[in-house]
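Here is a short report on one protein model.

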Amino acid sequence: MPSSVIPSFRYSDAPRMIDFLCDAFGFERHLVVPDGEGGIAHAQLALGDGMIMLGSARDDDFGALVVTAEAAGALTSPPYVIVPDVDAHCAHARAAGAEIVMEPADQDYGGRLYAARDPEGQLWNFGSYDPWAAPE
C-alpha cells in the first residue's frame with residue numbers, strides 16, 4: 001500500500017521546480033494542474049511508492065498558513081526519500097544543478113545519506129536506510 005503521508009510544498013516558480021525535481025531527483029509527473037495564470041494549482045509527483053504534492057505560492061487562505069523555503073530562510077521538516085544508490089543519485093542531482101549541502105556518508109543507524117537544496121532552497125534528504133525493512 002502506498003504511503004498515506006504525502007509531504008506538500010509551495011514554490012514561487014512551481015513549473016520550473018516540477019522540471020527540476022523530475023530532472024535532478026528522479027520524480028515523475030503523476031498529475032499536474034495549471035492554474036491558468038502561468039502557475040500550478042496542484043501537482044503530484046511520484047518516486048517509487050512515494051509521492052509529494054506541490055503548488056504555486058499564492059495569497060489565499062491556505063497560502064497564508066504556509067511559506068516557501070525561499071521566504072523562510074530555514075526549514076524544520078525536510079523530507080527523507082529512500083533511494084537505492086545514494087552516491088549515483090547524488091552525482092545525478094549535482095549534475096542537474098542541486099546544491100549538495102551534505103556529501104554522501106554512512107550513518108550510525110545504518111544506510112547512507114546525503115542532503116541537497118533545490119533552486120528555491122528546500123532541503124531534501126536522500127538515503128538508503130529503509131525504516132520499513134526488517135532489522136538485520
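## Second largest pocket

Strand E1 (8-11), strand E3 (40-47), strand E4 (50-56) and helix H2 (69-72) each contribute at least two residues to the lining of the second largest pocket. E1 gives the most, with 4 residues. Helices (H or I, at least four residues) and strands (E, at least two) are DSSP runs, numbered from the N terminus. This is a predicted model: local features need pLDDT of at least 70, side-chain atom pairs count only at pLDDT 80 or more, and totals for chains, interfaces and linings use all residues. Residues are numbered from 1 along each chain as its sequence is written, and side-chain values use heavy atoms, with hydrogens and water left out.

The pocket has a volume of about 450 Å³. Its lining holds 24 residues, and Ser8, Phe9, Arg10, Val66 and Val67 lie nearest its centre. By class, 15 are nonpolar, 7 polar and 2 charged. Here Ala, Val, Leu, Ile, Met, Phe, Trp, Tyr, Cys and Pro count as nonpolar, Asp, Glu, Lys and Arg as charged, and the others, Gly among them, as polar. A pocket is an open set of points on a 1 Å grid over the protein atoms alone, where a 1.4 Å probe fits, with protein on both sides within 12 Å along at least five of seven lines; lining residues have an atom within 4 Å of a point. Grid points are joined across faces, edges and corners, and the volume is the space filled by probe spheres set on the points.

## Asn125 in strand E8

Asn125 sits in strand E8 (residues 123-127). Asn125 counts as buried because its relative accessibility is 16%. Buried means under 20% relative accessible area, exposed over 50%, partly exposed in between (1.4 Å probe, protein chains only).

Beyond neighbours within four places in sequence, Asn125 is in contact with Pro78, Pro79, Tyr80, Val81, Leu113, Tyr114 and Ala115. Contact means heavy atoms within 4.5 Å.

## Cysteines

How many disulfides are there? The count is 0, taking a disulfide as a pair of cysteine sulfur atoms within 2.5 Å. The closest cysteine sulfur to that of Cys22 is in Cys90, 19 Å away, so it is too far for a bond. Cys22 is buried, at 11% relative accessible area. Cys90 is buried too, at 2%.

Strand E6 (residues 99-106) and strand E7 (residues 112-117) run antiparallel, joined by 5 bridges. Strands pair if DSSP finds at least two bridges between them. Asp106 stands opposite Arg112 in E7. The hairpin has 5 residues between the strands, and Gly110 takes a positive phi near 115 degrees.
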